[in-house]
Amino acid sequence: MLKMPSNGLVSHHPIIQFRNCRILHQRRIIRDDLWVRNGEILNPRKLFWEEKGYADHQIDCQNAIIVPGYIDVQINGGFGYDFSSEPELVSEGIQKVAQGILSHGVTSFCPTLITSSPDTYRKIIPQIHKTEGSNKGAGVLGLHLEGPFISVEKRGAHPQHLVHPLSGGTQDLFDVYSNLDDVAIVTLAPELINAKAAVQELVKRGITVSVGHSTANLCIAEESVNAGASFITHLFNAMLPFHHRDPGIVGLLASNAINRCVYYGVIADGIHTHPAALRIAFQTHPDGVVLVTDALSALGLPPGRHQLGTQQLDVRDNAAYVAGTNTLSGSIATMSSCVKFLQGATRCTTVEAVEAATLHPAQLLGITERKGTLDYGTDADFLFVDEDLNVKRTYIAGEMVWDSKTGFRNKSS
Amino acid sequence: MRLVILDDYSKASEWAAKYVRNRILEFSPTKDKYFVLGLPTGSTPIGMYKKLIEFHKAGVLSFKYVKTFNMDEYVGLERDHPESYHSFMWEKFFKHIDIVPENVHIPDGNAEDLDEECRKYEQEIKKAGGIELFIGGIGPDGHIAFNEPGSSLVSRTRVKTLAHDTIIANARFFDNDISKVPTMALTVGVGTVMEANEVMIIITGAHKSYALYKAIEEGVSHMWTVSAFQQHPRTIFVVDEDATLELRVKTVKYFKSLMYVHDKLVEDSKELPEVKRQKKK
């Protein structure tokens, strides 16, 4: 790091200039410097012409590509912690995961709870708050509540006895969840009675509604989108398969009867979504793809047998299996590997692959003012990546929090 | 007058950049003694700026104690418009070097009172102690800065309406839409540039060969404003072969025979300390 004369006249916050890099700016990768002050991306022209300011520090990025930090809107746990199953360990788990995923390039995330009992929600939800990222870990953008208002038939791994029919209308939302203050996304099945009213109520509160774990046909899905839903939870998984006379929820990708851009989550780990299916989705609707890991507690654990809660799991070949079997237990994909896989599978551009983990989730959550791009004035959460999209460094609010050579910056935790 | 003839655009750009480098290094600017540089925009100087940036990045040249004054800026074009001269200077030069923002001057084409802005600009130049080296390019009609044909040769910084030819030529930068091209500019006058201690004018390409002929082989004329520098005691024209197409063979041969002298002016900085020592003797 090269120290230059302090520039205190302009602002008491130091100005950092990242040099010798390429940056993802306005949907293109260009050779330019990245300027940061007080945790935000700075417009260097404004600094130069109006404030007459200049950099206090310069950092040689050694030709890295700088992209926005990744956003994971669906992650159930990791590093041995499962957010849904152990209320007493939730705070600890959030901290561990928030830090661990810095090494995957994730700078903000939505901790995800699967279908649980009202009692469990009452214990867990108040413990999770929207927080800014720091050297302790990625920021929390709010909860993703996946269930319990879902289809029994398409519940997947969610416990059947806790699935809720939403028969009490919008009041059920409050009775079951008890607190919606820190909720960012709710996944529900749009075919449930009262689903439309629930969608409208949630959207009114600024919560993103996702359709999923559902047997809805396309018509129902379209109605739900027109009522305010804007996301599809792990496309292809836990929904009716695509059929040419009723394409179901998958058909939303090509619908001409909806009034907004629908985003869709995909688990691009090469296991949960076949590369051909990924290509079909991407080529149909490239602007809507949102990469999610949907990762379980085994994310980040080394290969071998692990006892997680009541379950024994084998981690091998980049997947988690029920111990001693070949039954997939869930995803342990890292976000950085999903970005790479998307690019490999669809042969999309680097920009498109990165935007699936940055711009699109930010648009989905309506937070592009702060996250998902390197636009001036947004949060300085960004990554150094190489040509193959391997994450080399992670920055939050302009501060380096992880480096592939030296590890986590915050050694204390 | 010096006429330095190089093989092509890139050689001319390199020569110009080395000349600027050596002038600054020999001047040894400090916080009490700034080197004041006049700067042009346009396609011609881009190669020179690139070379100067290379020198800076190689650690040979610092702009920390350099003040700059640009020649001109459009009126009414927003500062960050990609075709503004503020944008040009930021992208092509300033953001790559260590110049201090407060030492950079470009006329503000969005000033409330444009006449006042022009007066202030002249004062700023005076306050800086005048311009040591003014670098310029020209248009095919021989205009220097926006001193279009017919401009007074003693003109000062002022608002100028652009010639129709210039507007048409610029349309390519504004979606080929004439109505989007600014029609006025603030520009230093010919007289402003004439007051510089030294003037270096870069002229490249066959399309400017007639202008070069008018600049140096015919009389001083306000219809070819660049010709005014015939009357300047220290003017260097840096040109490429193509730009000499309209010159007499005799002119070209004479100045080419002087190249060994010219090339001494741009020798690499390794030899510079020696040059300095000799001067001190």
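Helix axes here are lines fitted to C-alpha atoms over the stretch in contact, and angles run from 0 to 180 degrees between N-to-C directions. Welcome to this predicted model, in which local features need pLDDT of at least 70, side-chain atom pairs count only at pLDDT 80 or more, and totals for chains, interfaces and linings use all residues. Residues are numbered from 1 along each chain as its sequence is written, chains are lettered from A and ligands numbered from 1 in the order in which they are written, and side-chain values use heavy atoms, leaving out hydrogens and water.

**View 1. Helix H1 of chain A meets helix H3 of chain B.** Pro44(A), Arg45(A), Phe48(A) and Trp49(A) meet His86(B), Ser87(B), Trp90(B) and Glu91(B), where contact means heavy atoms within 4.5 Å.

**View 2. Glu146(A), His213(A) and His234(A) form an annotated "binding site".** The feature comes from an unreviewed UniProt entry; positions follow the numbering used here, feature names are shortened, and annotations may be inferred rather than shown by experiment. Although spread over 89 residues of sequence, the three cluster in space, with a largest C-alpha distance of 10.8 Å.

**View 3. A closer look at Glu146(A), in strand E14.** Glu146(A) counts as buried because its relative accessibility is 2% (buried means under 20% relative accessible area, exposed over 50%, partly exposed in between; 1.4 Å probe, protein chains only). Its contacts include Gln74(A), His213(A), His234(A) and Asp294(A).

**View 4. His234(A) sits in a loop between strands E17 and E18 of chain A.** His234(A) is buried too, at 5%. Among its contacts are Gln74(A), Glu146(A), Met239(A) and Asp294(A).

Methods. Helix = DSSP H or I, 4+ residues; strand = E, 2+ residues; numbered from the N terminus. Lists of a residue's contacts leave out its neighbours within four places in sequence.
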